[in-house]
Structure formats: C-alpha cells, structure tokens
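Here is a short briefing to read beside the sequence and the 3D view. Take the topics one at a time and find each residue as you go.

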Amino acid sequence: MNLSPGVNDFSEAVESDRLHVWHHLSQHKKYETVDPLVIIEGKGMRVWDAKGVEHLDAVSGGVWTVNVGYGRESIADAVRDQLVRLNYFANSAGNVPGALFAKKLIEKMPGMSRVYFSNSGSEANEKAYKIVRQIAHNRYGGKKHKILYRERDYHGTTITALSSTGQNQRKDQYGPFTPGFVEVPHCLEYRSQYGECADYGTRAAQAIEEVILREGPDTVGAIVLEPITAGGGVITPPEGYWETVQEICRKYDILLHIDEVVCGVGRTGKWFGYQHYGIEPDIVTMAKGVASGYAAISCTVTTEAVFDHFKSDPSDPMSYFRDISTFGGCAAGPAAALENMRIIEDENLLDNTTQMGAYLMDRLHGLKEKHAIVGDVRGKGLFCGAELVRDRETREPVAENLVQSIVADCLSQGVLIGATNRSLDGYNNTLCLSPALICRKDDLDQIVEAIDGALGRATV
Ligand SMILES: Cc1ncc(COP(=O)(O)O)c(C=O)c1O
C-alpha cells in the first residue's frame with residue numbers, strides 16, 4: 001500500500017474507531033493506550049493496516065472467510081452490475097443470481113435439492129432448527145423436537161444457536177437457553193474420554209446413540225454436527241466415526257444436519273467437508289466462504305424429501321415454511337457467490353487447497369518434531385490446527401495467555417494467525433490456520449517460520 005501524507009491519513013478513522021466502534025470478541029480497555037487494529041486494504045493473501053504495515057493473512061479475514069483472497073475485481077464487478085440492475089426484493093419472489101447460484105450450488109451437492117437464503121451462519125442454522133421443529137409438529141405431534149449437538153462444536157451467536165453450541169465459555173453468562181437442545185460427547189481422539197481405545201471413532205459415535213436412547217428416540221428430530229470442528233480445536237473426525245453416525249441417524253429416523261459454515265465451498269479441498277466422509281446429509285448450512293466475505297450470504301440447503309414436508313399439503317395453511325430473512329433477498333449475495341464459485345473452478349483452487357494443505361500439514365509436523373510444546377497437529381486441506389501442551393506425556397494444555405502471546409508474536413512478524421479463544425474452559429490451546437485457497441508454498445513457509453520463531457521464544 002502506498003501511504004502518501006494527506007491522501008492516506010487514517011488517523012480520523014482510527015480515532016473514531018477507538019471512540020465509537022464496539023469490536024467483536026474484544027476487551028476494549030487496552031484501546032485507551034494503544035490504537036485498535038484498523039485494516040485498510042487487501043490484495044491476494046495480504047492486508048495493510050492504518051499505519052501502512054503489511055500483514056500476511058493466515059486466517060482468511062480472521063475467521064476463515066476470504067477463501068478466494070482479497071481484491072477480487074471480478075466479484076466487485078459482478079456485485080456492482082447486479083446492484084444497479086436490482087439490489088433487492090424480498091425472497092418470496094426470485095431473482096436471477098439467486099436462481100442461477102442455487103442451481104450451480106446444487107450441482108456440487110448430489111442428493112441435495114433446495115436452497116434457502118439468509119445472511120449469517122447463525123441464521124442459516126436457526127432456519128434448519130425451525131425446519132426440524134416444524135416437521136416435528138406436523139408429523140409427530142411436536143414430540144420429535146429435540147436437536148442434538150456436540151461438545152466443542154459451535155453453531156453461532158444468537159441465543160438459540162448458542163443453545164446448540166458445545167463450548168461452555170461462549171455460552172457462559174448468556175443463559176437461560178432455548179429448551180430442547182441436548183449435548184453429545186466430542187470426538188477428539190487426542191483427548192479420548194474412553195482411555196486407550198482401539199476403535200475410538202466407533203466408540204465416539206456410539207456415545208451419540210447412548211444419548212438418543214437416554215432421551216428417547218421418538219423425541220429426537222435431528223443432530224447438528226460440524227464435519228470438522230473448527231473453533232472448538234480443529235477436530236478432524238476419527239476413523240469410522242461418520243459411518244456409524246450415519247447409521248445411527250437412519251436407525252432412529254433422525255435428520256442429519258451438517259454445519260458447513262467453515263468447511264463449505266472449498267476450505268478442505270472438496271466443495272464441502274462432509275464429502276470427504278461419504279455422508280448423506282438431510283440439511284447442510286453454509287456461510288463464510290460462500291461469497292468469501294464480498295457480500296453477506298448464507299444458505300440452508302435441504303434434500304427434496306425435507307422440502308416436501310412443506311409443500312405436500314396445500315390445503316393446510318400452516319404447513320409451509322413461514323419464515324423470512326429480509327436480507328436473504330439481497331441480490332448482491334448470490335451475485336458474489338456465483339462469481340466466487342467460478343473463480344474456484346477456473347483457478348483450480350480445490351486442487352491447490354489439497355496440495356498446499358498437504359504441504360502445510362507436513363510443515364506443521366516438522367514443528368511438532370522440533371518443539372515439545374506442540375502436542376498434536378490436525379487438519380484437512382487449508383484448515384489446520386496445532387494443539388499446544390505444557391507436557392507431551394500428560395497432555396496438560398498450555399494457558400490461553402501463552403497461546404495469545406504466540407499469536408501476538410506472529411502479528412509482530414507481520415503474520416496474522418488465529419487461536420481458539422474463550423471457547424472451552426482450560427482448552428483454548430490450539431493455533432488455527434486457514435490461509436486463502438490461493439496460497440503458495442512461499443506464503444506457507446512465511447507463516448510456518450513465524451510460528452517456529454514464536455514457539456522458540458515462548459516460555460511454558
Ligand atoms: C461452524 C460454525 N457455524 C456457525 C457459525 C456462525 O456463523 P456467523 O458468525 O456467520 O453467524 C460459525 C462462526 O464462526 C461457525 O464457525
């Protein structure tokens with residue numbers, strides 16, 4: 001970025017930010033003495049802040065979102081062209097980019113059929129919960145209304161999305177929560193709840209069945225799961241897990257809702273995370289990477305069988321899905337999303353994600369060999385985590401402030417990395433990496449070298 005005095009003086013914006021903006025996930029006392037980070041510009045994998053400092057972004061906009069990188073003029077053009085033609089109409093009517101994007105999306109999701117638009121991951125999940133609840137009322141007299149969620153998974157920020165979230169620190173102080181949501185155990189083998197276990201994946205899935213039997217299968221309508229847990233510690237599923245989960249859902253007639261808000265649209269090297277594991281979901285939600293943050297859009301995608309519950313009886317005026325999201329009618333979202341998908345296809349970004357993801361995992365394993373503090377590395381595609389421990393033997397997690405000092409050290413080296421934060425009491429100890437799908441080896445080298453240096457300086 002070219003900082004010429006007068007033209008690129010952002011001091012007024014920085015001061016206004018300090019005085020008036022309430023930042024997400026932030027304790028603000030420090031901004032009385034230090035400037036808040038204000039990002040001015042982005043290009044490819046890099047962003048520049050108000051002081052003109054360049055940062056290599058290893059987390060795609062902080063929260064695994066900007067999948068195709070910054071500064072994509074073709075997306076900006078597609079959005080502009082759409083806005084001057086038609087910016088908005090409530091989605092009780094159609095619009096052209098919405099229809100075309102839905103078709104293209106469904107082509108990538110064999111077995112799925114219908115797309116419901118809204119504008120955040122939390123909202124997409126709320127739609128799914130309403131779908132499940134309405135089916136319970138229409139088909140099962142309201143009985144099959146419970147929704148299972150998993151310890152360590154996150155499904156959003158609204159009270160009901162938090163009610164289905166398995167992270168105690170995210171929930172603390174925001175209750176009481178929506179009734180009818182029931183937790184099942186996590187599936188992180190590194191922190192096995194069942195001791196040494198030859199077939200941990202099957203055991204972890206059976207733990208779900210135990211909860212279903214305890215609650216009563218006729219009361220459970222759905223289970224919501226991340227294909228790979230993101231903010232709960234980048235948890236890739238253990239072998240055998242998903243096959244058993246799918247079987248259990250079929251056995252008890254439970255809808256399988258996969259939350260692809262993070263993994264969706266390329267992050268793991270396939271269009272969707274669930275496609276690595278042969279899963280056949282009933283409902284899939286997605287948000288972040290759908291338009292790479294160029295416009296706000298989220299989708300709740302269902303099978304035709306789920307959709308059919310809401311159209312098969314036109315004589316019942318209460319049977320259709322009586323839901324609306326005002327901004328689900330913004331045409332900029334699907335216009336950006338269509339162009340985002342074109343870029344991923346034309347630039348072979350799924351292949352790049354697989355190749356670069358393998359390289360990144362390799363380099364992270366190298367860090368594990370070198371630094372005893374790295375207890376475990378996990379990941380799929382360009383979605384990776386390194387869990388830090390005080391002691392390899394006992395696996396005692398390092399303190400959250402140590403993890404944050406490593407993030408700060410990388411920031412001072414010009415590399416933005418992430419970490420699990422204020423999510424799980426005692427377990428906010430995983431460094432998170434999710435570089436844009438366009439990354440190259442030299443970007444990843446710079447990221448890993450920054451972490452290497454920071455780990456070397458960290459005192460446990
Ligand atoms: C797996 C998952 N689901 C849902 C959400 C909520 O998305 P949003 O912040 O867009 O509401 C998030 C956000 O981080 C997420 O990681």
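By class, the shell around the ligand has eight polar, six nonpolar and two charged residues. The model is predicted. Keep that in mind for every point below.

**Around the ligand**

- The shell holds 16 residues.
- Which of them come nearest to the ligand? They are Ser-120, Gly-121, Ser-122, Gly-156 and Val-261.
- Helix 5 spans residues 121-140. This helix gives the largest share of the shell, three residues.

- In general, strands of a sheet pair through backbone hydrogen bonds, either parallel or antiparallel.

**From strand 1 to strand 2**

- Strand 2 covers residues 46-49. Strand 1 and strand 2 pair in the antiparallel sense, over four bridges.
- Look for Gly-42: this residue stands opposite Val-47 in strand 2.
- The hairpin of strand 1 and strand 2 has two residues between the strands. In this hairpin, Gly-44 takes a positive phi near 60°.

**From strand 2 to strand 3**

- Strand 3 covers residues 54-57. Strand 2 and strand 3 run antiparallel, joined by three bridges.
- The hairpin of strand 2 and strand 3 has four residues between the strands. Gly-52 in this hairpin takes a positive phi near 85°.

**Helix 8 against helix 9**

- Helix 8 covers residues 200-215, and helix 9 covers residues 241-251. Their axes are 7 Å apart.
- Helix 8 passes helix 9 in a right-handed crossing.
- Helix 8 brings Gly-201, Thr-202, Ala-204, Ala-205, Gln-206, Ile-208, Glu-209 and Ile-212 to the contact. On the helix 9 side, they meet Tyr-241, Thr-244, Val-245 and Ile-248.
- By class, the contact of helix 8 with helix 9 has seven nonpolar, four polar and one charged residues.

Conventions:
Residues numbered from 1 in each chain as written. Predicted model: local features only at pLDDT ≥ 70, side-chain atom pairs only at ≥ 80, totals over all residues. Axes fitted to C-alpha atoms, helices over the stretch in contact; angles between N-to-C directions. Left-handed = near helix turned anticlockwise from the far one by under 90°. Contact = placed C-beta atoms within 7 Å. Nonpolar A, V, L, I, M, F, W, Y, C, P; charged D, E, K, R; others polar. Pairing = 2+ DSSP bridges. Near = placed C-beta within 6 Å.
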